[in-house]
Amino acid sequence: MPHQKTPDNPPARLSLISRHLAPDYPINTPYAVERLPDTVDTSLLPKTQIRAISSSPTMSPQPPHPTILIPGPIEFDDAVLQSMSHYSESHVAPGFVATFGETLSMLRKLLQTTDPASQPFVLSGSGTLGWDLIAANLIEPGEDVLVLGTGYFSDGFADCLAVYGAKVTELKAAVGSRPQLPEIEKALSEKRYKAITVTHVDTSTGVLSELANLSALVRRVSPDTLVFVDGVCSVACEELDFDGWKLDGVVTASQKAIGCPAGLSISMFSGRAIKALESRKTPPASYFASMKKWLPIMQNYENKKPSYFATPSPQLVHALHTALSQILSKPLSERFARHKETSDRIKKAVADLGLKQVAPNPDDQAHGMTAIYLPETVQIPQILPSLAKRGVVFAGGIHKEIVTKYIRFGHMGVSVLDLSRGDIDRAIKALEEGLSECGYQKA
Ligand SMILES: *Cc1c(COP(=O)(O)O)cnc(C)c1O
């Protein structure tokens, strides 16, 4: 149903729509009602669960669908999705400029930075674009970067840095672990590094890196070294204190714990990082990913001034605005605590099933996902379809050394925070039943 300008859209309503869509927006228009996909066997589900497999148990405009519990994209809230059916508007019109500006300001709160020198960026692109931003703008060709190697994603970050000419030293940890502070200290004292990079949660292993002590160590041993964090799988589900931990850059994406559809690269950089950009001897090594081009645009939007370098994605920015408004409507500490509680419950259930995690040390375990070794007798091509039949989507492995041996269970955002959905309990039960269907019995 197209939006009519008048007479049934009074001005107050219109102004709400021009920001992000109000909850009273007619919610049943954008989605066709469909059957569950054929991969789901409804005979395996109690009647009440068939409905629950769609998003919220009542009134959700989302068609019934298997619950996606992979480490991103995650299940999306109805209001976030509805924000994307915003009518088209100019990316330099006042309504959108205000929405974009507020979105950037809300990112400061999400990352816990009040330092006016901190600079948020929201660009069209996926999480990977954050690596390019750092590599093309904040490192110059020939400069040394120390990459803390935790798995597939830190390897990708290292490759990206090398593409732009950085001299990369990767300090690799054993699978399921992370480099330890004494070896990092030793590496930092052997060479002058322009930057160190750390993957806060390496989504290939479920390893959580500790940032506060790491950053303090860098400041003590090598104070000029910039600290860059890949927070794609941690921002909005793990504690992250940009100012308090003196971080120089955090890059993330829309589709993981932030709970907004994929397509936005989201980042925050410190005043030191912006200085490194401004004092480059060579121009940034990318055109679209040039922070020099985007910096004034982001500053203008936040000051509610129209500005153009390349067209942003207004519908995605509306969705991000809604997602951030929801996140910031409650204390962040509560959000992190809820993710931790749910993670503890899942990890206990995994142990009770007699299964091991890829990250064995509880201090190194992420709270928004769990990487689970399969029993030797169970293969990925059996277990994933068995879970899918029960309406639950998990991810296979991605770390090349163990790729066939484990599965990944993502637990972020609405699936954790909205208990009425029952997503987590359903997933634990599906895992139990699925393993049993694959012939596994706990020893
Ligand atoms: C998902 C992910 C990425 C890549 O993000 P894309 O949106 O797929 O480009 C990078 N780093 C980490 C830690 C991730 O989890």
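Arg-192 sits in the loop between helix H7 (181–190) and strand S5 (195–199); helices (H or I, at least four residues) and strands (E, at least two) are DSSP runs, numbered from the N terminus. This is a predicted model, in which local features need pLDDT of at least 70, side-chain atom pairs count only at pLDDT 80 or more, and totals for chains, interfaces and linings use all residues. Residues are numbered from 1 along each chain as its sequence is written.

**Arg-192**
- Arg-192 counts as exposed because it has 11 C-beta neighbours inside 10 Å. The classes are buried (20 or more other C-beta atoms within 10 Å of the residue's own), exposed (12 or fewer) and partly exposed (in between), with C-beta atoms placed from the backbone.
- The C-alpha atoms of Arg-192 and Asp-224 are 8.8 Å apart, across 32 residues along the chain.

**Lys-256**
- UniProt, in an unreviewed entry, lists Lys-256 for "modified residue: N6-(pyridoxal phosphate)lysine". UniProt positions follow the numbering used here, feature names are shortened, and annotations may be inferred rather than shown by experiment.
- Lys-256 lies in the loop between strand S9 (249–253) and strand S10 (264–269).
- Lys-256 is buried, because 29 other C-beta atoms lie within 10 Å.
- Leaving out residues up to four places away in sequence, Lys-256 touches Pro-71, Gly-72, Ile-74, Val-232, Cys-233 and Met-412. Contact requires C-beta atoms, placed from the backbone, within 7 Å.

**Ligand shell**
- Around the ligand are Gly-72, Ser-126, Gly-127, Thr-128, Phe-153, Thr-199, Thr-203, Asp-230, Val-232, Cys-233 and Ala-253. A residue is near a molecule if its C-beta atom, placed from the backbone, lies within 6 Å of it.
- The shell divides into four nonpolar, six polar and one charged residue. Ala, Val, Leu, Ile, Met, Phe, Trp, Tyr, Cys and Pro count as nonpolar, Asp, Glu, Lys and Arg as charged, and the others, Gly among them, as polar.

**Backbone geometry**
- Most residues other than glycine have a negative phi, and most peptide bonds are trans.
- The peptide bond from Gly-72 to Pro-73 is cis, with omega near -5°. Pro-73 is in the loop between strand S1 (67–68) and helix H3 (78–83).
- Ala-236 has a positive phi, near 85°. Ala-236 belongs to the loop between strand S8 (226–230) and S9. Ala-236 is buried because it has 26 C-beta neighbours inside 10 Å.
- Lys-304 also has a positive phi, about 60°. Its loop runs between helix H10 (291–302) and helix H11 (314–328). Lys-304 counts as exposed because it has 12 C-beta neighbours inside 10 Å.

Note on methods. Contact = placed C-beta atoms within 7 Å.
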